[in-house]
Amino acid sequence: MFPWAQAPGRSLAGTSLPAPPLSCSQVLPGAMSEAVAKESPEQDGEGGSRRSSWGLLVTAGVGGTLVALYAVVTPFVTPALRKVCLPFVPATATQVQNVLKMLENRSGPLVDIGSGDGRIVIAAAKKGFKAVGYELNPWLVWYSRYRAWRDGVHQNTKFYISDLWKVSFSHYTNIVVFGVPQMMPQLEKKLEEELECDARIIACRFPFPCWIPDHTTGEGIDTVWAYDLKHYRRCETKHLEITPETES
């Protein structure tokens, strides 16, 4: 046998030699597996906690967004689901000017039924009226109050979150209505019962079904009709009747 063919660990003279060092491939499988086995639970725990935190954050973000959308959208959608659909449609600049024409030479408190973003109330306040708006949508009411403050007429304006059918308009002499055909007959009856004889009702977009307007201005969707209530109800001034004395 050739000397270099001796078994590993033996010298050429038959003496023992130190065993050659183990290669990395021989050491790693056992040692590394133990190290990985020791470290993997901690790493899994840290990774799992991070994933859990991100999941909670995403869930909270999505939930908060949905709640915010619900809070903002619901007041605008709800009127369309009511028995009488009364959606928010902003008045055009021409409509506002036509309403102001119908208020010329008028005085007394004014109310806008379904005041929306408050533009009619604010425009009337700039003309010297004490103006009030009733609106179901709280976002529009808050925005109207901000606009009145911004335009410097907040002292002459008030905005309320209220259902028009639950409000009495008896102390107003100027009434502005942005209605829809379905509500006009019932509103006509309500106003005729509540208002005083000197009241003027101004209807925008849709006229009242039974009353005949005293004044009309504008065209198309900008048409405005004015009704003086004294022509539709007996408004007579009571006088004391003095009977002449008869000679006995």
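Guide: Two strands count as paired if DSSP finds at least two bridges between them. What follows is a predicted model, where local features need pLDDT of at least 70 and side-chain atom pairs pLDDT 80 or more, while totals for chains, interfaces and linings use all residues. Residues are numbered from 1 along each chain as its sequence is written, and side-chain values use heavy atoms, without hydrogens or water.

Visitor: Which strand does E4 pair with, and which way do they run?

Guide: E4 is joined to E5 by 5 bridges, and the two run parallel. Within E5, isoleucine 202 is the bridge partner of valine 176.

Visitor: Is E5 covered or open?

Guide: Mostly covered: 5 of its 5 residues, 200–204, are buried, meaning under 20% relative accessible area with a 1.4 Å probe, protein chains only. Arg200, Ile202 and Cys204 point to one side, Ile201 and Ala203 to the other.

Visitor: Back up a bit. How many helices and strands in total?

Guide: The protein chain has 5 helices and 7 strands, taken as DSSP runs (H or I, at least four residues; E, at least two) and numbered from the N terminus. Their order is α-α-β-α-β-α-β-β-α-β-β-β.

Visitor: And how much of the chain is buried?

Guide: 32% of its 248 residues.

Visitor: Why is H3 called largely enclosed?

Guide: Because 6 of the 8 residues of H3 (119–126) are buried. They are Ile120, Val121, Ile122, Ala123, Ala124 and Ala125.

Visitor: What do those pack against?

Guide: Helices H2 (93–102) and H4, plus strands E1 (110–113), E2 (131–135), E3 (157–161) and E4 (174–178); contact here is heavy atoms within 4.5 Å. Just after H3, glycine 128 has a positive phi of about 105°.

Visitor: Which of its residues are buried?

Guide: Leu140, Val141, Ser144, Arg147 and Ala148. Down the helix axis they fall within an arc of 125°, so they line one face of H4; the arc is that of the directions from the axis to the C-beta atoms. An α-helix has 3.6 residues a turn, so residues three or four places apart point the same way.

Visitor: What sits at its two ends?

Guide: At the start of H4, a side-chain oxygen of asparagine 137 is within 2.9 Å of the backbone nitrogen of tryptophan 139. Glycine 152, which follows H4, has a positive phi, near 75°.

Key:
Buried < 20%, exposed > 50% of the residue type's maximum accessible area, 1.4 Å probe, protein only. Polar contact = N/O pair within 3.5 Å; in protein donor to acceptor, adjacent residues only side chain to side chain.
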